[in-house]
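I opened the notebook to look up a helix, its neighbours, the cores and a few backbone angles. Here is the structure I worked from.

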Amino acid sequence: MSEERFGEFVVVRRDGGEGAGHVAELVLDRPKAMNAVSTEMARSIAGACAALAADRDVRVVVLTSTHERAFCVGADLKERNSFSDLDLVRQRPVARAAYTGVLELPVPTIAAVHGFALGGGFELALSCDLIVADRTAVVGLPEVSVGVIPGGGGTQLLPRRVGAARAAELIFSARRLQAAEARELGLLDELVEEGRDREEALSLAGRIAAHSPVGLRAAKRALRLGHGLDLRAGLEVEDAAWRSVAFSGDRAEGVAAFNEKRKPQWPGE
């Protein structure tokens, strides 16, 4: 296991297990504040995501937390309380870069959630492709209760998961959902036993990372770019993604390995 720290509050770990070094763990590590996202922490998340996006060895990213009772409680409101209007304006692009950094990672992403994932914390999870949570998870977007709106993608990402009316109810009411209800409504993708969210997310990541890195990136691109388009336009997006992989080394290796009944050795190109 190797580690690289980005600032004081973010760590990137690389596994040496099932993912054979191709799974990266993006760790939120501000336990004294339950991972509340300060300006410094937002800058570090964005920096870590930029490094991961540029690393062609990375096939899957898992977003985790070191705090025992929280994934992330959202924006650092203690810091915000000291801000002038000008400070808030200046901080906005820094905060936004953290959320878009996770959202725009070119590889599959999985959030491993336990405890509180509220406001910006839940938006970080929503920015991932999949959310694995344990039974202690409590999620919600309570921003209107403090006079703002979900500003890390929540008003756009939540309706894409649960539909416009359900997202409106959850955002307008600012209510918190326990894990079972959140899973039933589609806010979470997989619900696991208490304490197993990270383990199960990393296991899933390892299984995903066994597949073609070229194929994974292209599939994610097609899923993201095609979402919300009419069917004809979406199929054009899919066709462009298919063409980007059809003549790749990974495609040739995948077909050869299948016919030779062996495990593929992906060239990644």
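I began with what the buried residues of helix α8 pack against: β3 (23-28), β4 (60-65), β6 (109-113), β8 (130-134), β11 (190-192) and α9 (213-226). Contact here means heavy atoms within 4.5 Å. Helices (H or I, at least four residues) and strands (E, at least two) are DSSP runs, numbered from the N terminus.

This is a predicted model: local features need pLDDT of at least 70, side-chain atom pairs count only at pLDDT 80 or more, and totals for chains, interfaces and linings use all residues. Residues are numbered from 1 along each chain as its sequence is written, and side-chain values use heavy atoms, without hydrogens and water.

Which residues of α8 are buried? I listed Asp197, Ala201, Leu204, Ala205, Gly206, Ile208 and Ala209. Buried means under 20% relative accessible area (1.4 Å probe, protein chains only).

Next I checked the length of α8 (residues 197-209). At 1.5 Å a residue, times one less than the number of residues, its 13 residues should span 18 Å. The end C-alpha atoms are 18 Å apart, so the two agree.

Then I turned to the cores. A nonpolar core is a set of buried Ala, Val, Leu, Ile, Met, Phe, Trp, Tyr and Cys residues joined through side-chain atoms within 4.5 Å. The largest has 49 residues, and Phe71, Phe122, Leu124 and Leu158 touch the most other members. Helix α1 (residues 39-54) gives the most to this core, six residues. A second, separate core of 13 residues includes Leu204 and Ala209, along with Val62 and Val132.

Last, I looked up phi. Met34, in the loop between β3 and α1, has a positive phi near 55 degrees. Ala174 has a positive phi of about 60 degrees, though not a glycine.

Methods
Buried < 20%, exposed > 50% of the residue type's maximum accessible area, 1.4 Å probe, protein only.
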